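Take a look at the fold below.

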Amino acid sequence: MSWGAELWDQFDNLEKHTQWGIDVLEKYIKFVKERTEIEINYAKQLRNLSKKYQPKKNSKEEDEYKYSSCKAFLATLNEMNDYAGQHEVISENMTSQITTELARYVQELKQERKSHFHDGRKAQQHIETCWKQLESSKRRFERDCKEADRAQQYFEKMDADINVTKADVEKARQQAQLRQQMAEDSRAEYSSTLQKFNHEQHEHYHTHIPNIFQKIQEMEERRIVRVGDSMKTFAEVDRQVIPIIGKCLDEITRAAESINQKNDSQLVIEAFKSGFEPPGDVDFEDFTQPIKRTVSESSLSNSKDGKPESRFTSKSKGKLWPFIKKNKGAGPEDFSNLPPEQRRKKLQQKVDELNKDIQKEMDQRDALTKMKDVYIKNPQMGDAASVDHKLAELGQNLEKLRLEAQKFEGWLAEVEGRLPARTEQTRRQSGMYEPQNTLTVNNCAQDRESPDGSYTEEPNQESEMKVPATDFDDEFDDEEPLPTIGTCKALYTFEGQNEGTISVTEGEMLYVIEEDKGDGWTRIRRNEDEEGYVPTSYVEVFLEKNAKGAMTYI
């Protein structure tokens, strides 16, 4: 099967077909190029997606990634980054192994095709020239034969005419012989030209054109093979990254399988456990029998003495800590503003940090000590005295760190010893509104007492004793407002977004009705209907002299 033998007369069609083949190759190159652009854009989008959901440094999101589900999500994001990298590899390999190579091959193919068809046109032009020569020789031979025939007929006519002179007859005879000789010469030339043309034509159609067409066929077949090889490479480039992509997916699966809901639940306990015991049962106080009035009054007076046991206390304990933990000001060094369990965790964390710093300083001191020993043994290596200043500085740092660690360890031991039982200080911190709430109960009871000392039952008595557990502001709805103990000026604007707090504007003057009890909050009043807590560091407090002397908190 040869184009030279089978398609000897299809020069123009072969030229069109080979050009079509080059067009197909260029179309495939364009296809692969667009595929690489898709891969690189996909990889870029995957990386941007992974980066978008990565936790921000030094933000609250970092704390969330201690949970196994969040850790698995972070692992998924990291694997997606690697997954995107494999698509970049696909794009790079397809560009280098397919598009670049094929683009260079197309240029070579065009040059080779141009050369082959140039030779074909040259061969065609040569055979056409030979054919024209043959046609010219043939027409000349034909013309000379006709001229010789006419000259012979003219001679015969003159020779038969008796009226023609002998000289004219001789002249006609010579002309006829001349024409006959010219015809013979033309016949010989035509015969030679014909033989030459037949030889050239045979060479053209059996040697030159078959050779040229064979080269064109080989060129076209190489192009087809090259397209096939490129398609194999196209698939192989994808196949090479499948194992790595599979590993990425396996890691995502492994991360998902590592999620432990029980551990996450335990982490929630560790993060939010306060360490307080749940409130005990509330004692029943019977106000239906006058004989129990004295006992009830005694019970209420005990509450005034600082031993509250009412449901108001329980409510305060449960609702005060959430917004105290959100205090924006700097807390005390011993973390006493935190619930016991959270305070213990903070102290333990601080002790661990200090121990790490101590170990670091000790390692530096040991290294300098060894260096000093080397200098003493080999003075040429350095001056041993130059290390003494640094050793002394490290010693001072170690002493400071040890004292600091002892201080925090003492606080930690105190907290760990106090966790099982609640002390009065803990009760005061967790229920700082207890005295006021108990006073509210007393006030309610006193309001119901008649001038002659007996109790007057009111229809809404039961509703007065109930405090809605869902509204923190109800704790301030005392029938008798707390007395003013001073004034304060807002140093900064504070947005009171938590229950029990109140918003203030910088420069605003307000009344103080309860001073800071060591938890970082001061209770203030704007008018009869607006009161609440603000951070002590946000206000400048001026207490009245008859309250607790002239004291100022800034």
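This is a predicted model. Its chain holds 14 helices and 6 strands. Of the 554 residues, 35% are buried. The chain exposes about 34,400 Å². Carbon and sulfur atoms supply 51% of that area.

Next, consider contacts along the sequence. Take those between residues at least 6 apart in the chain. Of these, 73% join residues at least 24 apart.

Now find helix H2, which spans residues 11–52. Two of its packing partners are described here: helix H5, residues 166–257, and helix H4, residues 68–160.

Begin with H5. H2 and H5 pack at an angle of about 15°, and their axes lie 11 Å apart. Angles under 35 degrees count as roughly parallel, so H2 is roughly parallel to H5. The crossing of H2 past H5 is left-handed. Which kinds of residues make up the contact of H2 with H5? They divide into 15 nonpolar, 4 polar and 4 charged.

Then move to H4. Here the angle with H2 is about 165°, and the axes are 8 Å apart. Over 145 degrees counts as roughly antiparallel, so H2 is roughly antiparallel to H4. H2 passes H4, too, in a left-handed crossing. The residues of this contact divide into 24 nonpolar, 13 polar and 10 charged.

H2 runs roughly parallel to H5 and roughly antiparallel to H4. The crossing is left-handed with H5 and left-handed with H4.

Technical notes: Residues are numbered from 1 along each chain as its sequence is written. This is a predicted model: local features need pLDDT of at least 70, side-chain atom pairs count only at pLDDT 80 or more; totals for chains, interfaces and linings use all residues. Side-chain values use heavy atoms; hydrogens and water are left out. Helices (H or I, at least four residues) and strands (E, at least two) are DSSP runs, numbered from the N terminus. Buried means under 20% relative accessible area, exposed over 50%, partly exposed in between (1.4 Å probe, protein chains only). Contact means heavy atoms within 4.5 Å. Accessible areas come from the Shrake-Rupley method with a 1.4 Å probe; for residues, only the protein chains shown count as cover. Axes are lines fitted to C-alpha atoms, for helices over the stretch in contact, and angles run from 0 to 180 degrees between N-to-C directions. Angles under 35 degrees count as roughly parallel, over 145 as roughly antiparallel, 65 to 115 as roughly perpendicular and the rest as oblique. A crossing is left-handed if the near helix is turned anticlockwise from the far one by less than a right angle, and right-handed if clockwise. Ala, Val, Leu, Ile, Met, Phe, Trp, Tyr, Cys and Pro count as nonpolar, Asp, Glu, Lys and Arg as charged, and the others, Gly among them, as polar.
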